[in-house]
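Take the points in order, with the view open beside you.

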Amino acid sequence: MSMMKPEPAYRHGSAPKTALLFCNLGTPEAPTAAALRTYLAQFLSDPRVVEIPRLIWMLILHGIILRVRPAKSAAKYATVWLPEGSPLKVWTERQSKLLQGLLGERGHRLSVRYAMRYGQPSIAAQLDALRTEGATRVLVLPAYPQYSGATTASVIDDVARWSLQTRHLPELRFINRYYDQPQHIAALADSVRRHWAEHGRSDKLVMSFHGMPARTLALGDPYHCECLKTGRLLAEALGLSREQWLVTFQSRFGKAKWLEPYTEPSLIKLAQEGLKSVTLICPGFSADCLETLEEINQEAREAFLHAGGQRFSYVPCLNDDPAGLRALADLAEQHLQGWPTREVADASALAAQRERALALGAKD
C-alpha cells in the first residue's frame with residue numbers, strides 16, 4: 001500500500017510560486033492539564049529533545065512525567081495566557097503576517113505561513129496547504145536564532161517526514177541560524193536601549209538562553225558557542241565592559257549537568273554579593289512564551305528580589321518589533337535569491353524583456 005498522500009491537481013503551465021514557512025517550537029492549545037499532556041507527550045517523545053535510550057525514556061515519560069507534570073505546567077501557563085491564546089502562538093502568527101506584508105512592500109510576491117513543531121498548526125499541515133496553493137518552492141525559516149539539534153534540526157526532521165509521504169516535492173531551502181546577523185544584533189541592542197530609556201539602566205545586563213544538557217556540547221552541538229557569540233556581540237553593540245554583562249542558561253530538566261552558569265542561581269548569587277539592579281533579556285527566543293514570561297519575569301524575578309536585589313527589569317523579546325521584523329525580512333531575502341519572487345507587471349512587459357534579451361544576443 002502506498003504511503004503517499006493524494007496530490008493536488010497538477011496545473012500545466014502554471015508559473016512557479018514561492019512560499020516561506022516560519023516555524024516555532026510549539027504550545028498547548030489551552031492552559032489545562034489535558035492539553036498539556038497532549039503537548040508534552042509529543043514534545044518529550046522527540047529523540048532530538050531527549051537523548052536517552054528510547055525504551056527507558058518512554059517508561060519514565062508515560063509512567064511518571066505525563067502523570068505529574070501536565071497539571072503543574074498548566075498552572076504556569078495560566079499565569080501568562082492571553083485572551084487570544086498562548087503568547088507564543090499569538091506572537092508567531094503576528095510575526096508571520098507582518099513578515100509577509102513587509103516582504104510584499106519590498107516587491108516580493110510569496111505566501112508566508114507559520115507552523116509549530118509541536119502542536120498546531122503542524123508543519124505537515126501547513127506544507128500541505130502551501131502545496132494546495134500551488135507553492136513550488138518553500139523556504140523554511142525556524143524561529144530559533146541559534147542552531148541546535150534539539151530545535152532547528154528537529155524542524156528539518158519534520159519536513160523530511162512530510163516529504164516521505166509527498167510525491168511531487170517542492171524545492172526546499174532551510175535557514176539554520178541567524179545568531180550573529182548584524183541586523184538582528186542591532187534590533188536586540190535597540191530594544192535594550194529603549195528599555196533602559198524608559199525604565200532606567202541597571203548595574204548588569206544578564207542574557208539568559210534556553211539550557212541544553214552539557215553533553216550536547218561535547219557531542220558537537222554548536223548551540224553553546226552561538227549563544228556566547230550572540231551575547232558578546234550584543235554587549236559590544238551596547239558598549240558594555242566585560243563586568244557589565246553575563247550570559248546564563250535557564251530551563252533545566254532532570255538531574256544531569258546542563259550548560260552553565262544557570263540563570264536563577266546566578267541571579268541569587270549576584271544579589272547576595274550586593275548587586276542591586278539587573279536587566280534581563282532572552283536573546284535565544286524570537287517571541288515571548290512561558291520560558292520568558294513565567295520562568296524569567298516571574299520566578300527569576302522573585303528569586304533575585306528575595307535574595308536581596310532591589311530592581312529586576314525584563315526586556316521583552318523582539319515579538320513584533322519593526323527592527324526585528326526587518327532583520328527577518330533581510331534574512332529571508334538573502335536566502336530567496338535566485339527564486340522568482342518578484343511579479344512582472346504584465347504579459348507585454350515580459351514580452352518586451354524577452355525581445356530585448358534576444359536583440360542583445362543577436363548583437364553578440
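This is a predicted model: local features need pLDDT of at least 70, side-chain atom pairs count only at pLDDT 80 or more; totals for chains, interfaces and linings use all residues.

**Notes on the fold**

1. Next, look at which side chains of H5 are covered. The buried residues of H5 are Thr 152, Ala 153, Ser 154, Val 155, Asp 158, Val 159, Trp 162 and Ser 163. They pack against strands E1 (17-26), E2 (110-118), E3 (135-142) and E4 (171-174), and also against helix H4 (123-132).

2. Those strands belong together. An open sheet of four strands runs in the order E2-E1-E3-E4, with parallel pairing. E2 and E4 are its edge strands, each pairing on one side only. Neighbouring strands here are turned by 25 degrees against each other on average, direction ignored.

3. For one detail of this sheet, follow E3 and E4, which pair in the parallel sense over four bridges. Val 140 has Phe 174 in E4 as its bridge partner.

4. Helix H1 (residues 33-44) lies across E1 and E2 and runs at about 90 degrees to E2. H3 packs on the sheet too, touching E1 and E2, and its direction makes about 160 degrees with that of E2.

5. Helix H11 is worth a visit as well. With 15 residues (322-336), H11 reaches 21 Å from its first C-alpha to its last, close to the 21 Å expected at 1.5 Å a residue. Its buried residues are Ala 323, Gly 324, Leu 325, Ala 327, Leu 328, Ala 329, Leu 331, Ala 332 and Leu 336. Their cover includes strands E1, E2, E3 and E4, along with helices H3 (87-105) and H6 (182-199).

6. Now turn to another sheet. This open sheet of four strands has the order E6-E5-E7-E8, again with parallel pairing. Strand E6 (245-250) and E8 stand at the edges with a single partner strand each, so one side of each is left without a neighbour in the sheet. The twist averages 25 degrees from one strand to the next.

7. How many residues of strand E7 (residues 277-281) are buried? Five of its five are, so to speak, under cover. Ser 277, Thr 279 and Ile 281 point one way from E7, while Val 278 and Leu 280 point the other way, and all are buried.

8. E7 has a parallel partner in strand E5 (residues 204-210), joined to E7 by four bridges. Lys 204 stands opposite Val 278 in E7, and Met 207 stands opposite Ile 281 in E7. Five bridges join E7 to strand E8 (residues 311-315), also in parallel; there, Leu 280 stands opposite Tyr 314 in E8.

9. Helix H10 packs on this sheet, touching E5, E6, E7 and E8, and its direction makes about 165 degrees with that of E8.

10. Finally, see how H10 (residues 290-306) meets helix H9 (residues 263-272): their axes come within 8 Å and cross at roughly 35 degrees. The crossing of H9 and H10 is right-handed. On the H9 side, Thr 263, Glu 264, Leu 267, Ile 268 and Ala 271 take part, meeting Ile 296, Glu 299, Ala 300, Ala 303 and Phe 304 in H10. By class, this contact has seven nonpolar, one polar and two charged residues.

Notes:
Residues are numbered from 1 along each chain as its sequence is written. Side-chain values use heavy atoms; hydrogens and water are left out. Axes are lines fitted to C-alpha atoms, for helices over the stretch in contact, and angles run from 0 to 180 degrees between N-to-C directions. Helices (H or I, at least four residues) and strands (E, at least two) are DSSP runs, numbered from the N terminus. A crossing is left-handed if the near helix is turned anticlockwise from the far one by less than a right angle, and right-handed if clockwise. Contact means heavy atoms within 4.5 Å. Ala, Val, Leu, Ile, Met, Phe, Trp, Tyr, Cys and Pro count as nonpolar, Asp, Glu, Lys and Arg as charged, and the others, Gly among them, as polar. Buried means under 20% relative accessible area, exposed over 50%, partly exposed in between (1.4 Å probe, protein chains only). Two strands pair if DSSP finds at least two bridges between them. The expected span of a helix is 1.5 Å times one less than its number of residues.
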